[in-house]
Amino acid sequence: MNIFIHTSIFVALAITTGAAATPQEIGNQLIEKYGDAVVTVQAVAEVRGRERELESLGTMIDNAGTVVVAHSRFTSNELSKVKLLLADGSEVAAKVVLTDPDLDIAFIQPDLEALDGEEFEFTSLALNDKLVELQAADQVIILSREGEGFRRQSSLILGSVETVLDAPRRYYRTNRRPPGTPAFSVDGAFVG
């Protein structure tokens, strides 16, 4: 989901920001509330007869552990050893349940069979049907997660909208593009 594809995934934030909250303050509130919803997805793919480890960020969209990732990050149809790395360091066996290459989206869920009754607490975005529309040059706050070298800590990226496409769905391209991560307006409303 080369971020910002608008699907039916939207969020309403209950953030008390006050009149003078800066994008940095809002961003820190977003990390506090939703930072753990950004997870690392790992998988093994067979590429030209060799196994290759793939890794990407994704966003958890429900309390059952469903994660949305950019389909293009996992180019192979034959993925094995799929797992979610949660913010607390837990590893959750997972599986790809739905892909849409045209929209560059893949949905990954915990593999209940492989978990064998083991339970995890998931943090997800709160979903509703409100849409926030931005224009070119509007600022955005992107929630992300660092790599292994920085202990997979939550992180913020401040960016801006470069291009807005309206068809087939509203799509924002930003100057900062970590695939699979959620973006918000500078007042804390979900963008995509």
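1. Let's begin with strand β1, which spans residues 38-47. Eight of its ten residues are buried, so to a viewer of this predicted model the strand is mostly covered. Keep this strand in mind, as the next points return to it.

2. Which strands does β1 pair with? One partner is strand β2 (residues 50-60): the two are antiparallel and share ten bridges. If you want a place to look, find Thr40, which has Leu57 of β2 opposite it. The other end of the story is strand β4 (residues 79-85), which is joined to β1 by five bridges, again in the antiparallel sense. Here you can look for Ala45, whose bridge partner in β4 is Leu79. As background, strands of a sheet pair through backbone hydrogen bonds, and the pairing may be parallel or antiparallel.

3. Now look at the turn between β1 and β2. These strands form a hairpin with two residues between them, and in this hairpin Arg48 has a positive phi near 55°.

4. Next comes the largest nonpolar core, which has 29 residues. Which of its residues touch the most other members? They are Val41, Met60 and Leu84. The largest share, five residues, is supplied by β1. In general, nonpolar side chains of soluble globular proteins tend to be buried together.

5. Setting aside neighbours within four places in sequence, its contacts include Thr40, Val41, Met60, Val67, Val92, Ala94 and Ile108. Gly65, Ser90, Glu91 and Pro110 are also in contact with Leu84. There is a second, separate core of eight residues, with Leu134, Val140, Ala183 and Val191 among them.

6. Let's move to the sheet made of four strands. Its order is β9-β8-β7-β10, the sheet is open, and the pairing is antiparallel. Which strands sit at the edges? They are β9 (171-174) and β10 (183-185), each of which pairs on one side only. On average, neighbouring strands in this sheet are turned by 45° against each other, direction ignored.

7. Within that sheet, take a closer look at β7 (residues 139-145) and β10. These antiparallel strands are joined by three bridges. Ile142 has Ala183 of β10 opposite it, and Ala183 also belongs to the second core. Helix α1 (residues 23-34) lies across β7, β8 (154-165) and β10, and runs at about 35° to β7.

8. Aromatic rings come next. The whole structure contains three aromatic pairs. One of them is Tyr34 with Phe184, a stacked pair with 6.5 Å from centre to centre and 10° between the planes. How many residues apart are these two in the chain? They are 150 residues apart, with Tyr34 in helix α1 and Phe184 in strand β10, so the pair links distant parts of the chain. Phe184 also pairs with Phe190: their ring centres are 5.6 Å apart and their planes stand at 70°, so this pair is edge-to-face. Through these ring pairs, Tyr34, Phe184 and Phe190 form a cluster. Are these residues buried or exposed? Tyr34 and Phe184 are buried, and Phe190 is buried too.

9. Asp116 is not a glycine, yet has a positive phi of about 50°. You will find Asp116 in the loop between α2 (112-115) and β7. Arg151, also not a glycine, has a positive phi of about 55°, and lies in the loop between β7 and β8. Are they buried or exposed? Asp116 has a relative accessible area of 68%, so it counts as exposed. Arg151 is exposed as well, because its relative accessible area is 70%.

10. Finally, step back to the whole protein. There are two helices and ten strands, and from the N terminus the elements follow the order α-β-β-β-β-β-β-α-β-β-β-β. Of the 192 residues, 45% count as buried. Among contacts between residues at least 6 apart in sequence, 62% join residues at least 24 apart. The protein exposes about 10,400 Å², and carbon and sulfur atoms supply 44% of that area.

Definitions and conventions. Residues are numbered from 1 along each chain as its sequence is written. This is a predicted model: local features need pLDDT of at least 70, side-chain atom pairs count only at pLDDT 80 or more; totals for chains, interfaces and linings use all residues. Side-chain values use heavy atoms; hydrogens and water are left out. Two strands pair if DSSP finds at least two bridges between them. Axes are lines fitted to C-alpha atoms, for helices over the stretch in contact, and angles run from 0 to 180 degrees between N-to-C directions. Contact means heavy atoms within 4.5 Å. Buried means under 20% relative accessible area, exposed over 50%, partly exposed in between (1.4 Å probe, protein chains only). Rings of Phe, Tyr and Trp (its six-membered ring) pair if their centres lie within 6.5 Å; planes under 30 degrees apart count as stacked, over 60 as edge-to-face and the rest as tilted. Accessible areas come from the Shrake-Rupley method with a 1.4 Å probe; for residues, only the protein chains shown count as cover. A nonpolar core is a set of buried Ala, Val, Leu, Ile, Met, Phe, Trp, Tyr and Cys residues joined through side-chain atoms within 4.5 Å.
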